[in-house]
Amino acid sequence: MNIKDLNKEEYILPGNSSCPGCPASLGLRLLTKAVGDNAILVIPASCMTVIQGAYPHTSIKLPTLNIAFAASAAAASGLSAAFEIKGKSHSIVVYAGDGGTADIGLQALSGAAERNENITYVCYDNEAYQNTGIQRSSSTPYGAWTTTTVKGKLEQKKDVPKIVASHNVPYVATASIAYPIDFIEKVRKALKIGGFKYIHLHAPCPTGWRFPAEKTIEVGRLAVLTGAWILYEIEKGVLQLTGPSKNLLERSARKPIQEYLKLQGRFQNLTDEMINKINEDIEEKWNEIKLTIKLKENL
Amino acid sequence: MIQVLTGNHSAAYAALLSDVEVVSAYPITPQTQIVEKIAEFVETGKLKAKYVRVESEHSAMAVCVGASSAGARTFTATSSHGLLHMSEMVYWASAARLPIVMPVVCRTLGPPWNIWNEHTDMLLLRDFGWIQFFAESNQEVLDTIIQAYRIAEDERVLIPVMVGLDAFTLSHTSEPVDVPEIESVRKFLPPRTNAPYVFDPSNPFTFGNLAYPSHHMEIKYMHHKAVEDARKVILEVDDEWNKIFCRKYGFLDKFMCEDAKVIILTIGSSAGDAKEAAKVLRKAGIAAGVLRIRVINPFPSKELSNILSNVEAVAVVDRNLSPGNGGILLEKIKSSLYSSKYRPFIKGYLAGLGGRDITVKDYIKIFEKTLEAYKKGETEWFNLNLEMTGS
């Protein structure tokens, strides 16, 4: 697929209230272009709640159900059930932040995944509660400054795609707003599959991560190229690396982590020891993926 | 056809007869039998519905919100802690103006754990903008749930409805129940229409986005007015039900109230025992009556003050507690009577918490104590020797 093959229709209108360089609105723009007209969006409390704009206006051209923080996967299940009984076929797409996914919405997400509901759940992961003013979430990475981890977060980032994959759903993928074709291809693939689909979209946030607004894509690319964020998909249980991550299995192929960290104000107070730990954690994650791929090859 | 049904199965049959399309629920004692029976209806093909077996009550109501937004007739049931756990979505459902119907098997809240009857759970959510009924019998449970869909889906209303039934005394107790033919129920309750809005990608709109202070109050006023306007619709629907099925309930169940001088005012199944007590007092020449409030929201303040305008003393029996405030019903009744020219003597009783029995004997005692207190008045002449006064 080429960028020229993209749907020309715009579903996210200009003049909305996103911050400059916002990855959430960019992510939704790409997502809706991939999804097309026949869809209903479900959006829990998050940055997108604000970005939409206020009544009687909206910046989203698709029908949208705004819903309570913890409730998006369940509300989407309800929409899906209603359309099924009425014999209608629409794509039900959740677009939730990392707080609404990894923390308060995790139970409903797990419930919907276990029931294999016919919905597509996209988590835009800006790695903190950015909408309420940059508080740490379980998806905030180790070492990152937030307004509730002023000396840097002490715990690791929760691996939500891995949790969802352990529900044995038909499709799980990671993506990045910096690699739009990779993301859109994953969304298109997901929509063709029946049952529960999960895509975890890495979304570098200039406001919360403390980098200049014009560097959103650059930071997103560096997250992938340093190996800090890995692009893959798990289809029917089989993991495959995608995009640039395909060529990053060996540590020597990856850029040094400092290139990613140094652009972001939230990592300004890292010690060498902390950077070492970040490197070790990344290596561990890649080793896990290597093992998974090797096991598959040996089967 | 007359069947012997528990309150829980009466609720399940009501869902079946209402042709509900999406059911979502989570188990909790003593509600579980409702959703078990519905699962059986769905799995045996008796009921053509999608059954979403969720992982919590919060999700149960979220599923109902999603399904109802898409135009489906939607059902769930819960009780006690389940109701409180789902409460965020309960408020969402009414503020989103979705015609969901939910029986609540009224059960005590812990700690300490207690599965028996009390009305605190549902009364705590009185201010959540739902229409709230409390039933006295299993027949009333069945009839009210079917009526509830007509009321909730009426375009003048579009407000969800809770139907309270007492834990165990109704939920697990069998009574003869007249189960109407589905064809006649379908005439009374046609399929839900798409009016005014349901989700449809060919006509996109947004539900529940931000509203600034410039619009918020008007939206809330419309919600408030819809609950007020439901008064008329509740009576219309009840009249129509009566024409077809020969049973009528109204807002208030008035038992020997016409000439009553002392009245017990209460809600739920225990009113039956209060009525037996009133009969005993009548035989002893005391004009006793019982007034059972069937609709708690919208509250029948006017009807209530009309009836109480000829009554000397009222006993309000609260099977609920707002710690620090007392009985929720007592407060509501007192404030309802504030603008009346005549306000009877009122005494509150907190009784039957945590499923403790309130027997017919207890109600006789409550009548007697209320009359005694009324005669003494607010100020009692303490240690007064009436003989010395010559009276």
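Student: Which residues in helix 9 of chain A are buried?
Tutor: Heads up, this is a predicted model: local features need pLDDT of at least 70, side-chain atom pairs count only at pLDDT 80 or more, and totals for chains, interfaces and linings use all residues. Residues are numbered from 1 along each chain as its sequence is written, while chains are lettered from A and ligands numbered from 1 in the order in which they are written. Buried means 20 or more other C-beta atoms within 10 Å of the residue's own, with C-beta atoms placed from the backbone; helices (H or I, at least four residues) and strands (E, at least two) are DSSP runs numbered from the N terminus. By that rule, the buried ones are A:Thr216, A:Val219, A:Gly220, A:Arg221, A:Leu222, A:Ala223 and A:Val224.

Student: Why is helix 9 of chain A largely enclosed, and what do its buried residues pack against?
Tutor: Helix 9 covers residues 216–225, and seven of those 10 are buried, so the rest of the structure largely encloses it. Contact here means C-beta atoms, placed from the backbone, within 7 Å. The packing partners in chain A are helix 1 (23–35), strand 5 (171–176), strand 6 (197–202), helix 8 (206–209) and helix 10 (257–261).

Student: What is the radius of gyration of chain A?
Tutor: The rule for a globule is 2.2 Å times the number of residues to the power 0.38, with the radius taken over C-alpha atoms. For 299 residues, a compact globule would come out near 19 Å, and chain A agrees at 18 Å.

Student: Which element of chain B gives the most to the side that touches chain A?
Tutor: Across the interface, 37 residues of chain B are in contact with 38 residues of chain A. Strand 2 (22–25), strand 3 (50–53), helix 3 (57–69), helix 5 (87–95) and strand 9 (206–207) of chain B each supply at least two residues to chain B's side. With nine residues, the top contributor is helix 3 of chain B.

Student: What is the bridge partner of A:Thr64 in strand 9 of chain B?
Tutor: Two strands pair if DSSP finds at least two bridges between them. For A:Thr64, the partner is B:Thr206.

Student: Inside chain B, how far apart are the C-alpha centres of domain 1 and domain 2?
Tutor: The bounds come from an automatic or database domain assignment, which gives domain 1 (2–245) and domain 2 (252–376). At their meeting point, 26 residues of domain 1 are in contact with 19 residues of domain 2. The centres of the two domains of chain B are separated by 28 Å.

Student: Which strands of chain B stand at the edges of the open sheet?
Tutor: This open sheet has five strands in the order 10-12-11-14-15, with mixed pairing. Each edge strand has a single partner strand, so one side of each has no neighbour in the sheet; they are strand 10 (252–255) and strand 15 (345–350) of chain B.

Student: What angle does helix 10 of chain B make with strand 12 of chain B?
Tutor: Axes are lines fitted to C-alpha atoms, for helices over the stretch in contact, and angles run from 0 to 180 degrees between N-to-C directions. Strand 12 (residues 288–293) pairs in the parallel sense with strand 11 (residues 262–266) of chain B over five bridges. Helix 10 (residues 271–283) packs on the sheet, touching strand 10, strand 11 and strand 12 of chain B, and its angle to strand 12 is about 165 degrees.

Technical notes
Two residues are in contact if their C-beta atoms, placed from the backbone, lie within 7 Å. A residue is buried if 20 or more other C-beta atoms lie within 10 Å of its own, exposed if 12 or fewer, and partly exposed in between; C-beta atoms are placed from the backbone.
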